[in-house]
Amino acid sequence: MLKTYQDLFRISGAFRVVFSGFIARLPIAMDSIAIIYFVQSVERRYFIAGALTAVAALTTVISTPLWAKAADKYGQRKVLFTAIPIRSLSFLIFIELVLADTPKWIWFICIIFAESASVSMGSLSRRRWVHLIDVENKALLSTAYTFESLMDEFIFILGPILTTVIVTLFDPKYGILFGIFFLLFGGSLLGFHKISSPSIIKESNYEKLDSVFKNKKLQAIALPLTLAGGSFSAINICVVAFTDERAIKSVSGLLLGIWAFGGATSALINGAVNWRVSHGNRFIFYLFGMTIVSLSFPFVTNVWFLGVVLFLQGMCIAPLLPNGLPLITATTPESRLTQAITLTTAGIPLTGALGSFFAGKLIDSYGASTGLWLPFIFLLGSSAVALLYFKEYRG
């Protein structure tokens, strides 16, 4: 069953891409909670901390596609060694500004500047697989994408736990500092790895005039995933509120871990099986499955049932991107691949911010069970959009 993974790691440079990409991506699961811990420890209010993380997330919606375009045009190495120092220095300045109790608007400016240098490390890693895997072994590309999604699941399990341990044992500011260290270390390992670095392919005159987002396959994957992103943030908040209402708030971390574990299990299986069903059909199956499972959320009455539902929904989440990306990479010019891969998930922070906002409003007014309708609503919208592109998934 694991032969496909063995074949993948026989490729020269594969382990370096996985290891460096994993380390460099750890901050995406650390930064938000680290900022909240740090700012709240100084400001003693969650409002400012929450607002800062929301602004940070929305800034990445704009910045990551732009850096991806630059990576295609100038190479990943130049992008990494330009963006990472800017981001790291900006966060160091942010820490000093907060500790010095400067005006709050300066904090927001600094966070915007830091996140304007935010690069989608996952997209860079996935683009490197396209370069590493030769034409004869293109079937392994799906396995590589799945393994990257498996790493994402582990990152979102490990990141919050690691941050909590760090800020508890040390000072709250160290949550941010460790994130900077992981970015510098992992980003440098990736940037210096020449074997996996994609070649710079000059765009044709037609490609310069044409928008990468005009690709129907890209739209068919990116738009449903963007809407689905709102459900992810809503679930996070609703799970915490659900356990808090039952005076077992400490169980929320375990439940969210079960959610991620469901995704990790599914990702492992998805990459190991030689499927006869097309990527597009599998994408639709998992998206519709996730929507159907989420319909049970509002009717959950205890944490055991919630744990089962979260596990099942997690199993539908992890295979979405690995099955969507092959449709995109097969229909996108190599000169635009990093942009296309990044745009696939670039909109998720936007709907994530909306999901968090509306979920909080519903919970405050009507309770967690009512808030749990929101994931279903977002996913119903995601499935409806997917139906508009149904023919793009065929074949």
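These questions and answers cover one serine and the cavities of a predicted model.

Tutor: Residues are numbered from 1 along each chain as its sequence is written. In this predicted model, local features need pLDDT of at least 70 and side-chain atom pairs pLDDT 80 or more, while totals for chains, interfaces and linings use all residues, and side-chain values use heavy atoms, with hydrogens and water left out.

Student: Is Ser123 buried or exposed?

Tutor: Buried means under 20% relative accessible area, exposed over 50%, and partly exposed in between, with a 1.4 Å probe and protein chains only. The relative accessible area of Ser123 is 4%, so Ser123 is buried.

Student: Which side chain makes a polar contact with the side chain of Ser123?

Tutor: A polar contact is a pair of N or O atoms within 3.5 Å; within protein, one must be able to donate a hydrogen and the other to accept it, and residues adjacent in sequence count only if both atoms are side-chain atoms. At 3.2 Å, the partner of the Ser123 side chain is that of Thr342.

Student: Leaving aside neighbours within four places in sequence, which residues are in contact with Ser123?

Tutor: Contact means heavy atoms within 4.5 Å. With those neighbours left aside, the residues in contact with Ser123 are Ile341 and Thr342.

Student: How many nonpolar residues are in the lining of the largest cavity?

Tutor: Ala, Val, Leu, Ile, Met, Phe, Trp, Tyr, Cys and Pro count as nonpolar, Asp, Glu, Lys and Arg as charged, and the others, Gly among them, as polar. On a 1 Å grid over the protein atoms alone, a cavity is a set of points where a 1.4 Å probe fits but cannot get out, and lining residues have an atom within 4 Å of a point. Beside 5 polar and 3 charged residues, the number of nonpolar ones in this lining is 3.
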